[in-house]
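I am opening a notebook page on this chain and want to keep what I looked up in order.

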Amino acid sequence: MRHRSTALILIVILLALTIWAVLPSNPGIKIGKFERSMETILGLDLQGGMQVLLEADVPEGTEVDAQAMQDARTILENRSNGLGVSEVVFQVAGTRRIVGEFPGLTDTEQVVSILKETGQLEFVDMGDTAIPVGTIITTSLGGKQNSEVTPTASTTETSETPTEVSSATEEPTATETPAVTEEVVYNTVMTGSDLKSVTVSTDQLGQPVVDFVLTAEGKQIFADFTTNNTGKILGIVLDKKVISTPRIDEPITEGTGMISGNFTVDSANALAVQLRYGSLPIALKVVETQIIGPTLGADSLNKSLIAGAIGFAIVMLFMLIYYRMPGGVAILAITNFGLITLTVYKLIPVTLTLPGIAGFLLSTGGALDANILYFERLKEELRSGKNLKTALDMAWKRAWSSIRDSNIATIITSVILFWFGSTYGASMVKGFALTLALGVLISLFSATVVTRTLLSYAVDIFKPTNFKRWFGI
């Protein structure tokens, strides 16, 4: 009895939370560092946007390493996701190209500017002078970046001062209009490839800081440089643009460091992402951009939603006529299933595309199928003469193995589809697989907890004796 009461309380709490989550006026969630707008994110095929074709910027005939292209794709996508642009998708096309999709963006200059910052990350020896943040400089790895060809996935700029490395302090520097400095070539001490990990934490005063750990090689380089250059400036440069100028107060020999200063949580996270994903293994250039219209326009989408509502109503009417009381319980369970699923989509968040919607609809059918299996077993137990309480328990035990095995098979299939969905041209399969797998997991909860609990309470409340009338036997 206690277990059943706990399940009912859980169902009521989830129902209240999911109704709140799907309300159009929902203000979003912000708990510490976790923040979600709770808006439904639509993919390229539903809202339109822009597609950008990137190509390895190497001489013709030069063989491009396949792993380098995959690493570049991963860096671009991870950087986008790290800054909250989770609907952006990058895929390797052929041996030397990467396709990027930007739902909702149609401004070519905006998209290209987003692609410009995932270039070369450098730690630069600036001597005694702190170069103003935003200045374009020339380093020993080459001159300023060609803004037409070097892509990235974010436009966030860190201009917080003062900052420091470990216990270092930095005198405030002016943030003037960026200028090009070509007279001085600054020596690059090491690059982003020497970073092992980068995280955001807080110092003893609760202020956001950026912690980093170096590779074994980077640790040695950093130890030698900081030992020999105590009191000097070690600039952090991205695409030849100065983003931070910390001063070294003491040798740093442990392979770890901390960049601190006047950071907010957002700016610290932005810098961490720049450090973590700032270096591409191969140079890329933008060779083509095109605006993509939505495959399913607003009018067609509205008609599809109306058709779906009509279909849902017909199915629910069938459940009521054929299964009677259990059919009514199934309607409540499927409604709860839909609300939970939509809430999960918003929390992750999941980008909804046409294939993704298809995966959701298929999982809805699976959730309904689990209820039907349970109800059919219940009819068989009642026909055999068992009392109602025993029939409810035996029906679930007989139905569970079929429900479990069919859903496990679907989840395995979804995992395989998701794995191969990273292949260029198969991205639509990835969205389908994700929404299908999530739907199956939620449908298992719906059938195991929601349907059984609500049906048990319905039986206690109505105390049916005429099984033909109440269960359609």
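By about how many helical turns are Glu-380 and Arg-377 separated in helix α9? I found them three residues apart in that helix, and therefore about one helical turn from each other. Before going on, I noted that this is a predicted model, in which local features need pLDDT of at least 70 and side-chain atom pairs count only at pLDDT 80 or more, while totals for chains, interfaces and linings use all residues. Residues are numbered from 1 along each chain as its sequence is written, and side-chain values use heavy atoms, with hydrogens and water left out.

**Salt bridges.** I looked up the contact between Glu-380 and Arg-377 and found a salt bridge of 2.9 Å, N to O (a side-chain nitrogen of Lys or Arg within 4 Å of a carboxyl oxygen of Asp or Glu). Arg-377 is buried at 19% relative accessible area, whereas Glu-380, at 30%, is partly exposed (buried means under 20%, exposed over 50%, partly exposed in between, with a 1.4 Å probe and protein chains only).

I then turned to Arg-97 and Glu-55, whose closest N and O atoms are 3.2 Å apart in a salt bridge. Arg-97 belongs to strand β6 and Glu-55 to strand β4, so the pair ties together parts 42 residues apart in sequence (helices, H or I, of at least four residues and strands, E, of at least two are DSSP runs, numbered from the N terminus). Glu-55 is buried at 13%, and Arg-97 is partly exposed at 33%.

**Sheet.** I traced an open, antiparallel sheet of four strands in the order β5-β6-β4-β17 (two strands pair if DSSP finds at least two bridges between them). Because β5 and β17 each have a single partner strand, one side of each is left without a neighbour in the sheet. Strand β4 pairs with β17 over eight bridges, and I noted Val-52 opposite Thr-289 in β17.

**Cores.** I recorded 37 residues in the largest nonpolar core, with Met-319 and Phe-471 among those that have the most contacts inside it (such a core is a set of buried Ala, Val, Leu, Ile, Met, Phe, Trp, Tyr and Cys residues joined through side-chain atoms within 4.5 Å). Helix α11 gives the largest share, nine residues. A second, separate core of 23 residues includes Val-210, Phe-212, Phe-222 and Ala-272.
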